[in-house]
Amino acid sequence: MKVVVKKKDNNIPIPIETEFIKLQDAMKYANAVYSGGEAKVLIQEGQVEVNGETCTMRGKKLRPGDTFSFAGTVYAITEKA
């Protein structure tokens with residue numbers, strides 16, 4: 001018997017109208033943190049991943065198609081329809 005596991009796309013979409021959004025701003029926009037100061041500390045401590053890799057740059061530019069994860073939740077940057 002062969003078992004096939006399908007990964008569900010449970011990413012929370014974060015639609016943006018601009019070309020990019022900075023990581024700390026995306027975290028605030030997604031309500032993942034309460035303030036920019038909190039985002040700054042969490043990013044610098046290495047608690048945030050961008051596209052599956054730990055990122056310590058709070059000004060990292062995220063474009064549609066990029067993802068970031070924090071506290072077990074994955075957020076996907078999308079173009080606003």
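Strand S6 (residues 67-70) and strand S7 (residues 73-79) run antiparallel and are joined by four bridges in this predicted model. Strands here are DSSP runs of E with at least two residues, helices are runs of H or I with at least four residues, and both are numbered from the N terminus. Two strands count as paired if DSSP finds at least two bridges between them. Within this pair, Ser69 has Val74 of S7 as its bridge partner.

The loop between S6 and S7 holds Ala71. Its phi is near 55°, a positive value in a residue other than glycine. Ala71 is also exposed, with a relative accessible area of 67%; exposed means over 50%, buried under 20%, and partly exposed in between (1.4 Å probe, protein chains only).

Stepping back to the sheet, five strands form an open arrangement in the order S1-S7-S6-S3-S4, with mixed pairing. Strand S1 (12-16) and strand S4 (53-54) stand at the edges with a single partner strand each, so one side of each has no neighbour in the sheet. In general, strands of a sheet pair through backbone hydrogen bonds, either parallel or antiparallel.

A positive phi is also found at Asn31, a residue other than glycine, where the value is near 60°. Asn31 sits in the loop between helix H1 (23-29) and helix H2 (36-44), and its relative accessibility of 68% makes Asn31 exposed.

Residues are numbered from 1 along each chain as its sequence is written, and side-chain values use heavy atoms, with hydrogens and water left out. As the model is predicted, local features need pLDDT of at least 70 and side-chain atom pairs count only at pLDDT 80 or more, while totals for chains, interfaces and linings use all residues.
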